[in-house]
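Here are my notes on the model you asked me to look over.

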Amino acid sequence: MSVRWYSVVIDCTDVAAQARWWAEALDWRSVYEAPDEVVLAPPHALTKGDSIPVEERGPGLVFVPVPEGKQLKNRLHIDLAPRAADDQEAEVARLEQLGATRVDIGQGKQTWVVMADPEGNEFCVLSPRDD
């Protein structure tokens with residue numbers, strides 16, 4: 001028996017707002033919406049979904065409500081990477097315009113930028129790459 005990575009679940013207090021924020025940040029689409037759950041998928045999953053072998057389909061993002069706010073540093077986070085020809089600082093600035101903030105978690109000077117989404121969940125913006 002084998003398994004595949006199906007989704008990443010993000011706990012949040014405002015499911016709809018968090019899903020909208022991440023959809024805008026990633027240019028992903030909502031594929032399921034209910035008061036207690038929103039699921040996002042990349043656009044190619046909608047246009048080529050049936051032609052992509054199951055083993056090659058990437059995970060979606062699922063947003064579910066929790067009553068408490070974030071209290072500690074995430075033990076798991078998402079890494080985002082601009083394309084090789086793109087500008088990391090421009091992407092960081094775009095995410096800040098959407099409501100993300102830069103976060104210092106003691107990372108020191110690195111090639112990536114640690115940020116937090118509107119509910120405080122950390123993620124990183126890596127240096128540009130196409131690999």
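Predicted model: local features only at pLDDT ≥ 70, side-chain atom pairs only at ≥ 80, totals over all residues.

1. Rings of Phe, Tyr and Trp (the six-membered ring in the case of Trp) are taken to pair if their centres lie within 6.5 Å, and planes under 30 degrees apart count as stacked, over 60 as edge-to-face and the rest as tilted. By this rule there are three aromatic pairs. Trp21 and Trp22 make an edge-to-face pair, at 5.0 Å centre to centre and with 80° between the planes.

2. Residues are numbered from 1 along each chain as its sequence is written, and side-chain values use heavy atoms, with hydrogens and water left out.

3. Trp21 is buried, with a relative accessible area of 7%, and Trp22 is buried at 2%; here buried means under 20% relative accessible area, exposed over 50%, and partly exposed in between, with a 1.4 Å probe and protein chains only. Trp21 also pairs with Phe123 in a tilted arrangement, 5.9 Å centre to centre and 55° between the planes. Because Trp21 lies in helix H1 (residues 15–26) and Phe123 in strand E8 (residues 122–125), this pair ties together parts that are 102 residues apart in sequence. Phe123 is itself buried, at 0% relative accessibility, and Trp21, Trp22 and Phe123 form one aromatic cluster.

4. The protein has three helices and eight strands, where helices (H or I, at least four residues) and strands (E, at least two) are DSSP runs numbered from the N terminus. Along the sequence they follow the pattern β-α-β-β-α-β-β-α-β-β-β. The radius of gyration is 15 Å, close to the 14 Å that the globule rule gives for 131 residues, so the protein is as compact as a globular protein of that length; the radius is taken over C-alpha atoms, and the rule is 2.2 Å times the number of residues to the power 0.38.

5. Buried residues make up 32% of the 131 residues. Of the contacts with a separation of 6 or more, 59% are between residues 24 or more positions apart, a contact being heavy atoms within 4.5 Å.

6. Val31, in strand E2 (residues 29–34), is partly exposed, with a relative accessible area of 41%.
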